[in-house]
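Dear colleague,

I am handing over the structure below, and I would be glad if you could look through it before reading my notes.

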Amino acid sequence: MLYTAPIDDIMFDLEHLSGWSEVGALPRYAGVELEDIRAALEACGRFCSEVVAPLGVAGDEAGAHLDAGRVSLPEGYAAAYGQFVEMGWQSLAHGPEHGGMGLPRAAGAAATEIVNAADTSFGLCPLLTDGAIDALTKNGSPAQKALYLEKLVSGQWSGTMNLTEPQAGSDLGRIRCRAEPGADGSYAISGTKIFITYGEHELSENIIHLVLARTPGAPEGPKGLSLFVVPKFLPDAAGNPGRRNAVTCSGLEHKLGVRASPTAVLNFEGATGYLVGEEMRGLPYMFVMMSTARFAVGVQGVAVADRAHQHALAYAEERVQGRAVDGSSAEAVAIARHPDVRRMLLRMRALTEGGRALAMATAGWLDLAEHGAETERAAAGAMAEFLVPLVKGFASERAVEVASLGVQVHGGMGFIEETGVARFYRDARILPIYEGTTAIQANDLLGRKVQRDGGATARRFAALVRETVAALRGGDMAAQAVAGRLERAAADFEASLAHLLETAPADANAAYAGSVPFLMLTGNLAVGWQLARSLLAAAARQAAGEDSAFLRRKIATARFFAEHVLIDSAAERLRIIEGAPSLLEADL
């Protein structure tokens, strides 16, 4: 079960798709060179290949366990996490003002992919910590930042997101967790939270829970929620872990996948918590962490897909079975020579590299939104917000498909646990569910990101796609072929967008019946766009005299995606525009 970090592909995307010419010129990243990022990611890749990846099989088999309130992880996880902290990987994309390395978000996304490809169960702990860091950086008080951020950025302390409760599910307006103010300015937090990833463990010295709760007199619904910091151990006067807070773990979920990641039921029994920002502003504050986590889950999808593809490709090149259908060999050949196995492998590669390309491009927009020129931040932020649900929704759904294809390439052996590829499928299956299901991402895309500005950002997105189409028209036959497919997909998007904007005000059910197809169409177009940009970049490097199997592969992948995946946009358009009556009128 070996893993090799795809550094060349990551660096290609970072240089050509993440807006590096703009991001790298920001004062925030003065002095950061592509060579520095490559060196850091190569070191991260070696660590994950040698230390983290070997944990996966045993972690999946053993899982996390709860005994008398203490959670134990499989052997090797504590030592690996200790090395992870010592080497500074948690800090890679966080600000130097809090002890971080200060690399761009695209580098952080790459590191997230590498860690989660090595072992998704292990990667979930730093993933949630990243979200807690972002939430406190943007919304915490100066004292909270001083107390928590340096230790979170180092990984010495980890972070969690405490949203849902047994009666609430994804309907956060039904949260009942209470926060009673105390005389010293703290709050007593009481209630039960479920599905808390790494809610209890002993990898880090402390766990910083970010908890949504309701203060006395707060109105019902989501607008009555406030956000609180609730440490597992209350920091002492020196800022070190002190006495244990009144937070206990009463259960761990037994899951289909990511079994070594402890998914906890947490009981807050008058636990000491501290208000973040203002009362009844909890959901907007928490949405910072949610958005970070949603983007990261999309990156997890790329990670699991890449791992599944690596194993399927290696197996297909080694497994000898059946003669070539064209009669070119009298002997049995490696199954990678059979046309349908090639189809599966290329689809896996195109979906994986396409998801990575979209994530890296989105990371660039996120950086420009936070650190770019003041006059440009709003536009960059709008585009980043538009793209995040696509990264989460499209990449996570496609990860399940890629992992399933990985099982199929292995044939009967893929259904046997000992080969290891079934684990990737089981791990992938949570990705379209947690941090907001695909339908939640689709409703967010249609309701908040499209309708909120009357489709302005969506139209700007389409205009950018059409700029790439125009650039492709000046290229060779491969570029011309991709241009035609991309242009038709853009037309499918624009027609669907116009239909939904017209339909939603009059018939919300009919519009939202098409929200998931619209997300998948838009995600498909966004990935096709980024792969088309990668084709242009590869062609430009070839024209400059550089030629390699890698560049030829980038061009081939973009063309395959355009001719085998991007064409799905036509079917999604029909579902959106014509499919609502049969969906809504049927008797379940």
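Asp134 is buried, its relative accessible area being 10% (buried means under 20% relative accessible area, exposed over 50% and partly exposed in between, with a 1.4 Å probe and protein chains only). Please note that this is a predicted model, in which local features need pLDDT of at least 70 and side-chain atom pairs count only at pLDDT 80 or more, while totals for chains, interfaces and linings use all residues. Residues are numbered from 1 along each chain as its sequence is written, and side-chain values use heavy atoms, with hydrogens and water left out.

The side chain of Asp134 meets that of Arg105 in a salt bridge with an N to O distance of 3.4 Å, the term standing for a side-chain nitrogen of Lys or Arg within 4 Å of a carboxyl oxygen of Asp or Glu. A search of the whole structure finds 33 salt bridges.

Another of these joins the side chains of Glu385 and Arg452 at 2.9 Å, N to O. Glu385 is partly exposed, with a relative accessible area of 37%, whereas Arg452 counts as exposed at 56%.

Arg466 and Glu487 also form a salt bridge, with their closest N and O atoms 3.8 Å apart; Arg466 counts as partly exposed at 29% relative accessibility, and Glu487 counts as partly exposed at 32%.

The C-alpha atoms of Glu253 and Ile194 are separated by 9.1 Å, the two residues being 59 apart along the chain.
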